[in-house]
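This report covers one predicted model.

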Amino acid sequence: MTFEDLGLSPETLKAVNERGYKEPTPIQAKAIPAIQMTRDVVGLAQTGTGKTASFTLPMIDALSGGRAKMRMPRSLVLEPTRELAAQVAENFEVYGKYHKLNKALLVGGESMGEQMKLLEQGVDVLIATPGRLLDLFERGHILLNDIKILVIDEADRMMDMGFIPDIEKIVSLIPPMRQTLLFSATMPPEIKKLTEKFLSNPKEVSVAAAASPAETVEQFLVHVSPKDKNNTLDIILKREDVRNAFIFCNRKKDVDIVAKWLKGKGYEAEPLHGDMAQSKRTETLQKFKDDKIKLLVCSDVAARGIDVNNVSHVFNYDVPMTPDDYVHRIGRTGRAGNTGRAWMMTTARDEKFLSAIQQLIKKEFDPVDLKQKTPSSSSSKSPQKTPEKKTQTDKAVKPSKVKEKASQKKYNDPNSSNEYDDAQGFGDDIPSFLK
Ligand code: AMP
C-alpha cells in the first residue's frame, strides 16, 4: 500500500513525500481509512510505530475545510506530557505545512498569556495536557462545544499519571456528536472501560503484540551492588560503541546525581525530569536531538514517547518498577529500522521487578560478566537475530581523553583484582538507594 492509496489530499501527500516516507506503517494503513470514514478508533500501538501520523494526517484533511471560532477549538489532542504534546504539535506543523490550520499548544510551564492569545484567534487543532486545559477552561478562556475530533493519546500512561478523572471531566464538556480516537500501548481494564464509555462502536486497530520489545533491540543485563552502579555504567559506556543514549533512573533525585557524576567523569551528559523548568526541558531535549548532548539521564515520565531516531543505546541505571516501563524505555532505541542495544543494571533488591520483566518479555536474561568480552549478540536465552549495525566510532561517546585513559588503564590492568574498586564518592549527595 502507498500513501496515494489512502486517498489523502494532494497537500498532505506532498508534505509526507517531503518527509521521505515511502509507505504507510501498519498502524497508518489500518487507522487512516477508519478515521477518514469518521469512525471512532481504538488504536493499540506503542510509540515508534508511526501512530502519531496515523491520526494527524487524516485530521489535517478533515479539518482543512472549516474555520475555527474565537476560543472554540475544532479538535483536541490530549497528551500526558509536555514533551509529547510538543512532538504532536511538531507533527501537525510538518504534515500540515500546505494547509492553513491554526494550532495551539496548551501545556504547563509555558506562558499562559501567549496560549490565551492563540485561543482568542481561533484554533483548528488544540494540543494539550489535561491539567493546563482544565485550568484555562475554568478561567473561561476556552470553550469545548465545537470540538469535532477528540484524540486521547497514550491512554495507559495518562492512567499511570493519574489523569483519568481529568480526562473524564474534559470529555464530559465535549458534545457527544464528535469523532473520538484513543491510542494506548496496552489495554488494561480501566482503559477498556474508558473506551466503552466514551467511544461509539469503535474500530479497533492494533499493531504488534502489546508491550513487546522491538525485535531490533538487543538486551543485556549486568548484576551490580548498588554502590558499584556508577563505575559499572562508566565501564559499559567505554566498552560499547555508544553514539548517544538514554540513561533511565527511577527517581528524579538520582537523575540529577547520575548526570552530575557523568559530567564529572567528562561525559556530555544532562538530566531531564519533570521538576525542571519547561524551558530547560525543551532546551535539553533539543540539544540531545541536535547531537550536542550524548547522554540524556532521565526519568520515565520525562522521556515517555520522546521521538529521537538513531539512538544507539538505552541504559537502565535502575530496574524499572513496572515491566511496561522496561519495554517503553528500551523502545527509545532500535527505532525506524535501526538496531539498538539496551543494558540494565540489577541489584539483589531488584529480583521481584526483574522477574516481572522477564515474564512480560518472555525471555530470561543471561547476565553479562563484564570481566569477559561483551557479547555482540543478545545475551538473553532466546536471542533475537538482529544484524549488528556498526555505529560510527568517531562519533561515539567518550569522556575527555585524560580521564578515559586513566580509567581504561584501570580496566585493562591485569593486576587489578576488581575493576570496580575505585568506587566514587557522591560528595554531599547521597543517592536514595544508599539511604
Ligand atoms: P511515532 O510512533 O508516531 O512516535 O513515530 C515514530 C517515528 O516514525 C517518527 O520518527 C516518525 O517520523 C516516523 N514515521 C512515521 N510514519 C512513518 C512512515 N510511514 N515511514 C517511515 N517513518 C515514519
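## Aromatic pairs

Phe 246 is buried, as is Phe 248. The two rings form a stacked pair, with centres 6.0 Å apart and planes at 20 degrees. Phe 288 joins them: ring pairs link Phe 246, Phe 248 and Phe 288 into a cluster.

The count of aromatic pairs in this predicted model comes to six. One of them is Phe 220 with Trp 343, which is stacked at 4.9 Å centre to centre, with 25 degrees between the planes. Phe 220 belongs to strand β8 (residues 217-223) and Trp 343 to strand β13 (residues 340-346), so the pair ties together parts 123 residues apart in sequence. Phe 220 and Trp 343 are both buried.

## A charge over a ring

Tyr 98 has Lys 14 over its face. The distance to the ring centre is 4.3 Å.

## The seven-stranded sheet

Seven strands make an open sheet with parallel pairing. Their order is β3-β4-β2-β5-β6-β1-β7. The edges are β3 (103-106) and β7 (203-206); each has a single partner strand, so one side of each lacks a neighbour in the sheet. On average, neighbouring strands of this sheet are turned by 15 degrees against each other, direction ignored.

Strands β2 (residues 75-78) and β4 (residues 125-128) run parallel and are joined by three bridges. Opposite Leu 78 stands Ala 128 in β4.

How values were computed. Residues numbered from 1 in each chain as written. Predicted model: local features only at pLDDT ≥ 70, side-chain atom pairs only at ≥ 80, totals over all residues. Heavy atoms only, no water. Phe/Tyr/Trp six-rings, centres within 6.5 Å; stacked < 30°, edge-to-face > 60°. Helix = DSSP H or I, 4+ residues; strand = E, 2+ residues; numbered from the N terminus. Buried < 20%, exposed > 50% of the residue type's maximum accessible area, 1.4 Å probe, protein only. Lys NZ or Arg CZ within 6 Å of the ring centre and 35° of its normal. Pairing = 2+ DSSP bridges. Axes fitted to C-alpha atoms, helices over the stretch in contact; angles between N-to-C directions.
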